[in-house]
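Trainee: I would like to walk through this structure with you, one question at a time. Shall we begin?

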Amino acid sequence: MVSESKPKIILDCDPGVDDAIAIITACRWANIVGITSVSGNVSIEHTTSNALKMKKLLNIAAPLHSGASRPIASEPFHASHVHGQTGLGDTNLPEPDDLADSDDAVGFILEKTREEEGIHLVPIGPLTNIALAIKADPSLVNRVASITLMGGGAGVGNVTPAAEFNIFADPEAADLVFRSGAQLNMVGLNLTHQVLMGSMHADYCYELNTPVAKAAGDLLNFNGRTHGTEKGSHLGAMHDPCAVLAVTHPDLFTSKPRSVVVELEGAHTRGQTLVDERDWVDTEKNCNVYYGVDSEKAIGLILQAVSEFDPNG
Ligand code: BDR
Ligand code: CA
């Protein structure tokens, strides 16, 4: 049998209900070489503990390093109203047995990418860890295959009309990453709002009747209730899994090279990713902006990750 070659990723996350689904997705479709946690949806204590819970549930061997406990310059901004008080909705997962391997996510990112070529950084929370790593060693951007992030977008925001949560929560970090010269892929709200999941997908998971599927069902139901793009729809955008799938299944997506800057000032627009869509103007393109996705296939792959979960890896 030919073994599948899966892209190597470091998943930098702030679980978070959709982060948890992204971890399940990555477990099936990527080669996770490390997980790093960052303050975001909830505090670093909770995001780290939630990532450890997912690591235990999924029997993930890769190390987990906790990272930044606050943004570079702004005050911490959380989203427990969307992800639940401790960040994993109303799931009831067993407490982790292990602690994080270290509290030096930045050191881990730098070291691991020196050891191994071709790793994709996949940040699905605020960009604090990634920015600090680039600041410590700017050549990081030349030795990773890509930085494929969930954040920002071309158009609509969610925290404000202009800004998406991951960018709004640490705009200075995002600014540094967008100006870093990395092979940057932005999977933003304009894309993730096309991949909607809710109670019918949760019901499919419950029928599978495994611990992973039960957790996925609870996460999908919770996300549907709190992350709906239309009032009362009970369908929630699957933001973070989209960034994972952009690395593992690039053929499902369309993107365009664009010039993108992060708004740091602005009475109404701090944290906006301003995408220059004027095709007739010559600008330096620093980012691939994701626009299109085969939503049905993306949802199928997320559910397949749940149904095909193999406890033996
Ligand atoms: C992003 O913000 C967080 O609340 C989600 O986990 C996702 O990463 C969506 O704006
Ligand atoms: Ca997230």
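Mentor: Gladly, and let us settle a term before we start: helices are DSSP runs of H or I with at least four residues, strands are runs of E with at least two, and both are numbered from the N terminus. Please also keep in mind that this is a predicted model.

Trainee: Thanks! With that in hand, where is the place of Asn209?

Mentor: Look at the two helices on either side of Asn209, namely α10 (199-208) and α11 (211-226).

Trainee: Is Asn209 buried or exposed?

Mentor: The cut-off for exposed is over 50% relative accessible area. Asn209 has a relative accessible area of 66%, so by that cut-off the residue is exposed.

Trainee: What is the phi of Asn209?

Mentor: Most residues other than glycine have a negative phi. Asn209 is not a glycine, yet its phi is positive. The value is about 55 degrees.

Trainee: Which loop holds Asn59, and what is its phi?

Mentor: Asn59 lies in the loop between α2 and β3. At 52% relative accessibility, Asn59 counts as exposed. Asn59 is a residue other than glycine with a positive phi, near 55 degrees.

Trainee: Which residues does a cis peptide bond join?

Mentor: Most peptide bonds are trans. Here one to look at has an omega of about -10 degrees and is cis. Gly16, one of its two residues, sits in the loop between β1 (8-13) and α1. The cis bond joins Pro15 and Gly16.

Trainee: Let us turn to the ligand. Which helices each supply at least two residues of the shell around ligand 1?

Mentor: The residues that surround ligand 1 include Asp18, Asp19, Phe165, Asn166, His239 and Asp240. By class, the shell divides into 3 nonpolar, 5 polar and 4 charged residues. The helices that each give at least two residues are α1 (17-29), α7 (165-168) and α12 (239-248).

Trainee: How many aromatic pairs does the structure hold, and what kind of pair is Phe77 with Phe165?

Mentor: The structure holds 3 aromatic pairs. The ring centres of Phe77 and Phe165 are 5.8 Å apart, with their planes at 35 degrees, so this pair is tilted. The two residues are 88 residues apart, with Phe77 in the loop between β3 (64-66) and α3 (80-83) and Phe165 in helix α7. In answer to you, then: 3 aromatic pairs, and a pair that is tilted.

Trainee: Which residues form one aromatic cluster?

Mentor: Phe77 also pairs with Phe168, edge-to-face, at 5.1 Å centre to centre and 70 degrees between the planes. That pair again links distant parts of the chain, 91 residues apart. Phe77 is partly exposed at 32% relative accessibility, Phe165 is buried at 8%, and Phe168 is partly exposed at 22%. The one cluster consists of Phe77, Phe165 and Phe168.

Trainee: What is the relative accessible area of Lys53?

Mentor: Lys53 is found in helix α2 and touches Leu88, Leu93, Pro94, Glu95 and Pro96, leaving aside residues up to four places away in sequence. Buried means under 20%, and Lys53 is buried at a relative accessible area of 14%.

Trainee: One last one: is Ser39 buried or exposed?

Mentor: Ser39 is placed in the loop between β2 (31-37) and α2 (44-58). Its contacts beyond four places in sequence include Ile44, Ala68, Arg70 and Pro126. With a relative accessible area of 8%, Ser39 is buried.

Definitions and conventions. Residues are numbered from 1 along each chain as its sequence is written. Chains are lettered from A and ligands numbered from 1 in the order in which they are written. This is a predicted model: local features need pLDDT of at least 70, side-chain atom pairs count only at pLDDT 80 or more; totals for chains, interfaces and linings use all residues. Side-chain values use heavy atoms; hydrogens and water are left out. Buried means under 20% relative accessible area, exposed over 50%, partly exposed in between (1.4 Å probe, protein chains only). Contact means heavy atoms within 4.5 Å. A residue is near a molecule or strand if one of its heavy atoms lies within 4 Å of it. Ala, Val, Leu, Ile, Met, Phe, Trp, Tyr, Cys and Pro count as nonpolar, Asp, Glu, Lys and Arg as charged, and the others, Gly among them, as polar. Rings of Phe, Tyr and Trp (its six-membered ring) pair if their centres lie within 6.5 Å; planes under 30 degrees apart count as stacked, over 60 as edge-to-face and the rest as tilted.
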